[in-house]
Structures are given as structure tokens and as C-alpha cells.
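Please bring up the sequence and the structure, and keep both in view while I talk.

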Amino acid sequence: MSVKTDKIDRLSELSAVKQEEQGVSLWTEAFRRLRRSPSAIIGASILLIFVIVAIIGPWVAPYSPTDTIGIREGVVKSGQGIIPGASAEHWLGYDHQGRDLFSRMLVGARQTLLVGVISTLIGLTIGAIIGGIAGAAAGLGGRVGRWVDNVLMRFVDIMLALPSLLLAVSIAALLGASLTTVMIAVGLVSVPIFARLLRGAMLAQSGGDYVLAATSLGVTRRRIALTHIVPNSLAPVIVQATLTLATAIIEAAALSFLGLGNPDSSVPEWGVMLADAQSYLGIRPGLAIYPALGIIITALGFTLLGEAMREALDPKLRK
Amino acid sequence: MPLLDVKDLSVTFARRGQRTVRAVDGVSFSVEAGQVVGLVGESGCGKSVTSLALMGLLPKQRGVTVGGSAIFADDTDLLKTDERTMRDIRGRDVAMIFQDPLSSLNPVVPIGVQVTEVLTRHRGMTGDAARKEATDLLNKVGIPDPTRRLKEYPHQLSGGMRQRALIAMAVACKPRLLIADEPTTALDVTIQAQILELLRGLVRESGTALIMITHDLGVVAGICDTVNVLYAGRVVESARRKPLFAEPRHPYTHGLLGSVPRLDSGRGEKLHAIRGSVRDVLPWPDGCAFAPRCDRQVDACVGEPPALVEGIHRHAYRCVNPEPATAEVSS
């Protein structure tokens, strides 16, 4: 223990000499490590481009994503299998209804980002509330607390036992197929992960020396949970949220592909575009390839960043 | 009346499928205001469990049983007070300092927040008043540039600074009793001396009583007024500091003192290590727990556990064949 303490002592002295900044928190330090990680840089760059496209997409798109120009001009006859590919005017060609595919890709980025972020937020919020209450109750609440924890965690177990697709289909059956349904379904599926992660981290922290020290000073349990345990337990949850963004985008696309998403295909969304493309795979595979690439690259960006964050925040890997 | 009167404290841990462990077995001692009482012993003798029991910090689970009494300030039994009242007592009347200052501070919260939360909790101070008091406290425990330190995180402080910050938190509400559980073990020797000096100053200045838990006889010699030597959960010897060092009666205390290297011993002279390890202990009901490791073992050591015999000057020891007393010592 003392060797470790010495090391940290020397380190903190070094860093104190190097820079005059006051109050370098663990987060600042993690961010500094993150900036040195190549996969974080690549992931963040991908996401930056994605987010910019999602924001400005509708304004820079050369054509309206809903305008069926190809049919109006008579160049697209999907019934006869004629869907022209890339050209100087239409960089990615037309879709099966004669709409400009490049414009639809640009506009669709916003929907995809929205689905990913909102469904992750749904999962994170509900999961963190359940996990936070369970973790605090189990760690500090005595006998009653352990009971509360048990009830909450068995509930989470039940959620975990349901196949995510089945859950999504049932929600769609209740609410009708729409983008909201997809977001709720994808969000609910990730609730157990967040709940268990936060509870586990909080339980591990509540055995910590600093919790005992705070207790020995008479600090209330509520304050110990909120200002001591929760901030120390957030790192794995934040990492998981980044990784979940990736899976949420893929899962949302899968649900849209199965027809549980927005039935109105005039609003471009990559998952719906993928679903629409399946009848024309033989004629123009590009219709499926481009949205698929968009989904894959975005998910890759989130995964790269998430993994880099996991490493940056892991106290065991800290040098 | 003493400030804290511990009588027959015992703590047992019972786990399903495992042998029930009696970690503390009938420990009695008392602490006067302004006095430093040492609890000394090697790892596993029950000294930390004693301190946690007094603070009411032992895990509240089935299988953990605490017996005896610990009367604090004439009226409160710390062992029988309910958790809600204990939360008010902890930090305000009784506070504790831990062994490892790094892990005892929350790594993601600045020092200032951790010091002020005690002030807010027990003295109702908030905002600027709390910040000012926190600055004064850090100043008092010898942390230079306290305004800047308040904004810093534990990993930015050195080991000694961290322990000072923890002491500042513990004395923030001027508790009447302070329990220090090996407060210098994780620190450098020079820092150890500073921290001991700081604690001694605080005790002298405010009349706080201090229970010093340690395995380090140097610490005992430097700071304690009376000393209780623990072995396998029982007090085996209890005396004021001087007689204990000059004339240890229990072979275990004698052995402890003998295993400290001395400057005035001859070169190449062997240290007197105590044979065996704590694992060799006999259960107390079967005789003296120290008997298997003792050089002075006689037949009477096994069978009947020895009682605590009180000699002159309240020097008590638990041994049927004690080290001979040398007549010239008096206290």
C-alpha cells in the first residue's frame, strides 16, 4: 500500500511542478489520457463528422429528400427494375422512388443520431435510477435496504429474461409502429445493463475506506450516496453509455428493418432506407450498402471512443 | 468518572459454515479527558475491531454480536445507542482517524468539500462561513496555503498532508474523544513524528481524549499515558507508560519490547523474536492464548485461562508465571 502511495505522491508532485493548474480532477486527467489515445482520436473524428452532418444535413442536401425527381423525369422505373446509379448530378444515384439517395443519406443522419441518443438516454435514465436506488439501498440501507435492492434487481432480472426483440415487438404492438416505439424499445432493452452496472459499482464503492471515514464523521447516508458513492461509480456507466449508443443505432436500424419503425418512408432514416432497399438488392445494391455503411461507421466511431474511454478511466491502467 | 468507560467489550463474528471468531473478548479500559490511551498489539489482536465497535461502525449483520458496555460522558452507552443517534454523535462527540489517508479520502471530491461537509452536518455552517472555518482548520493542522489546498483533490496532496486533512475533518467539531487507528503506519518516519506531535498538541490544547491504536511501540513511548497490550482479543497487560516499558510483566509485552532493535545492544546481538505467529493461539477458555509461543510456559498455563492480576500502581497483567519484577522501578 505504502509503495503505491509513494508512487502517487511522487507523481502528484511531478504534475504539480509541471503545471500550475488548480484542482486537477480525475476527469481532467482522464481527458488528458484520452487525447493521447489514437482510437479515441479516430472515434471522436468520425463522430464529429457524423454530428456535423446530422445538424447541417437538411440545409446542405442538394435535393429535397422527399422529392421523387427520378419518377417525375421518367428516369426511374423501379417496376421495370430501372434505377440509375451514380452520376454527376446525383452522387449516389436515385432510390426506388426516384429520390436523390445522397440527400436522403445526409438528412437521415439526423434521425439516426436522434434515435441513438434518445434511446440511450431512456435506458440510461431508467437504468441509473433503478441501479442507483438499489446500490444505495444495498450498500447503506441495512436490512430494509437489502430487501429493496432484492426487489429492484429481481425486476431487472425479469427484464433481462425477455428477448429484446420480443420486448420491442410487444411495445410496437401496444404503441403502434413508429420511431418513438423504436426509441422506447431500444431504450428499455438497455435498462438492465445500466441498472446492474451502476449498482455493482456503487456496491463496490460503499465498502471503500472513504465511505467508512465519512460515516465515522456522521455524514448522512443520503449525502454519502450522492456526493461520495455516485460520483465514484459513474465512470463505467459513462463508458457503457458511449458503447450503448453504438448498439442502439444498430438495434434501431434492425427494428426499422423489421418494419417496426416509422411506416412513413418519406422521412429518411438509415434503418428504414435499409429495409426499403431489400426488394432492390439485385438491381442496385448501393441502396442497401450506403445506409449500411453509414450505420456501421457511426457505430464504429462510438465503439472506438467508448473503448478508449474505458481505458482512460480505468484506475488499474493508470500509469 | 472517566470520559469513556469500556467494560467487558466483546465482539464475535459468526459465519455460517465457519468457526465463530471471538475477535474481542472481554476488553475493559477507561479513558480520561485529555489523556492518551494506547491499544497495542500485532495484527489480528482485535484492536481495530475494538475501535470500530466503539464507533458503531461494525457491519450490522446477522452474526456480528457486540457485548459489554462503553459508557461515554457518564450517560451514553456507545454500544447500545441506536444508529440514528450514533450518526449525530459520530464526528461531533467522537471522531476517528484511519490508517490509510489516501483511501480514506474521496478521490473525486476536492478536499474543501470533504472538510466543509462535516461543518455543515454538525455545526450548520454553510457557504463562506464554512469555507473560512475549513481554511482555519487546515491552518491549525499545519497545512500551508490552505485556501489553495481546499480546491485540490486528494491525489494532489502528499501522504502527510492527506493525514493532516483527515485530522482536520476529525477535529472539526472539537470532539471529546478521538480514536486514531494506526494513524502513522502509512507514513514516512519524519512525517510520523510530525503527525504524532500534531495529535499530542491537539490533545493538550483542547483536552480531547485520544485512543491510540498501534502496533508501533515507538508511537506508544512517544505519546501514550497509559497502555493496554492486547493479545488474541484480550488485554494481557495494562499499565502506565513508564512502568510498562521499564518493567513489562507479561512475557508477550516483554517479547514485543525485545523485538525492537536497540542502539545500546551489542553488535551482532540477536533480536528476541517472538516464536510462531498469531495463528498458533490457543482459544482463551483452554488456557493462556499466548502459551504456545511463550518462553516462560509452565503447566499451569494450559487448562485454566489466567485472570488479570492487578499489581502496584494499577499495573495489571494476565499471566501465571510473569517476568520477575525489578524492585527499583516506581512510577
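Predicted model: local features only at pLDDT ≥ 70, side-chain atom pairs only at ≥ 80, totals over all residues.

Let us start with what the record says about chain A. The UniProt entry, which is unreviewed, gives the annotation "transmembrane region" to residues 40-61, 113-140, 152-175, 181-198, 237-260 and 288-309 of chain A. If we look at two of these spans in the model, residues 181-198 of chain A are 100% helix and 0% strand, with the end C-alpha atoms 26 Å apart. For residues 152-175 of chain A the end C-alpha atoms also lie 26 Å apart, and that span is 92% helix and 0% strand.

Now find helix H11 of chain A, residues 270-277. How many of its eight residues are buried? Seven of the eight are, and the helix is therefore described as mostly covered. The buried residues of H11(A) are A:Trp270, A:Gly271, A:Val272, A:Met273, A:Leu274, A:Ala275 and A:Ala277. As for what covers them, these residues pack against four helices of chain A, namely H3 (38-60), H5 (101-140), H10 (221-257) and H12 (286-313).

Next, the charged pairs. Side chains of opposite charge can pair when their charged atoms come close. Over all chains, a search of the whole structure finds 23 salt bridges, and I have picked out a few of them. In chain A, A:Asp149 and A:Arg199 form a salt bridge in which the closest N and O atoms are 2.6 Å apart. This pair links distant parts of the chain, since A:Asp149 belongs to helix H6 (residues 142-161) and A:Arg199 to helix H8 (residues 179-206), 50 residues apart. Is A:Asp149 buried or exposed? With a relative accessible area of 8%, A:Asp149 is buried.

Another salt bridge of chain A joins A:Arg154 to A:Asp157, with the closest N and O atoms 3.0 Å apart. Here both residues lie in helix H6 of chain A, three residues apart, which is about one turn of the helix. A:Arg154 counts as partly exposed at 44% relative accessibility, and A:Asp157 counts as partly exposed at 24%.

Let us turn to the place where the chains meet. In the model, 39 residues of chain B are in contact with 30 residues of chain A. The area buried between the two chains is about 3000 Å², and carbon and sulfur atoms give 57% of it. Which three residues supply more than any other three of the area that chain B buries against chain A? They are B:Val108, B:Glu117 and B:His155, which supply 20% of that area. Across this interface the rule finds one salt bridge, and in it the side chains of B:Glu117 and A:Arg223 meet at 2.6 Å, N to O.

That brings us to chain B itself, where UniProt, again in an unreviewed entry, places the feature "domain: ABC transporter" at residues 6-257. Over those residues the chain is 39% helix and 25% strand, and the end C-alpha atoms are 26 Å apart.

Four strands of chain B form an open sheet, in the order E2-E1-E4-E5, with antiparallel pairing. Strand E2 (21-31) and strand E5 (76-77) stand at the edges with a single partner strand each, so one side of each is left without a neighbour in the sheet. Helix H1 (residues 47-55) of chain B packs on this sheet and touches E1, E2 and E4, and its direction makes about 110° with that of E1(B). Eight bridges join strand E1 (residues 4-13) to strand E4 (residues 64-72) of chain B, and B:Thr12 stands opposite B:Thr65 in E4(B).

Chain B has its own charged pairs, including one in which the side chains of B:Asp88 and B:Arg121 meet at 2.9 Å, N to O. B:Asp88 lies in helix H2 (residues 83-89) and B:Arg121 in helix H3 (residues 111-123), so the pair ties together parts of chain B that are 33 residues apart in sequence. B:Asp145, B:Arg148, B:Arg149 and B:Glu152 are linked in a network of salt bridges.

Lastly, look at B:Lys270, which is placed in the loop between helix H10 (251-258) and strand E11 (309-310) of chain B. B:Lys270 is exposed, with a relative accessible area of 73%.

Definitions and conventions: Residues numbered from 1 in each chain as written. Chains lettered and ligands numbered in written order. Heavy atoms only, no water. Pairing = 2+ DSSP bridges. Helix = DSSP H or I, 4+ residues; strand = E, 2+ residues; numbered from the N terminus. Contact = heavy atoms within 4.5 Å. Axes fitted to C-alpha atoms, helices over the stretch in contact; angles between N-to-C directions. UniProt positions renumbered as here; feature names shortened; annotations may be inferred. Buried < 20%, exposed > 50% of the residue type's maximum accessible area, 1.4 Å probe, protein only. Buried area = accessible area lost by both parts, 1.4 Å probe. Salt bridge = Lys/Arg side-chain N within 4 Å of Asp/Glu carboxyl O.
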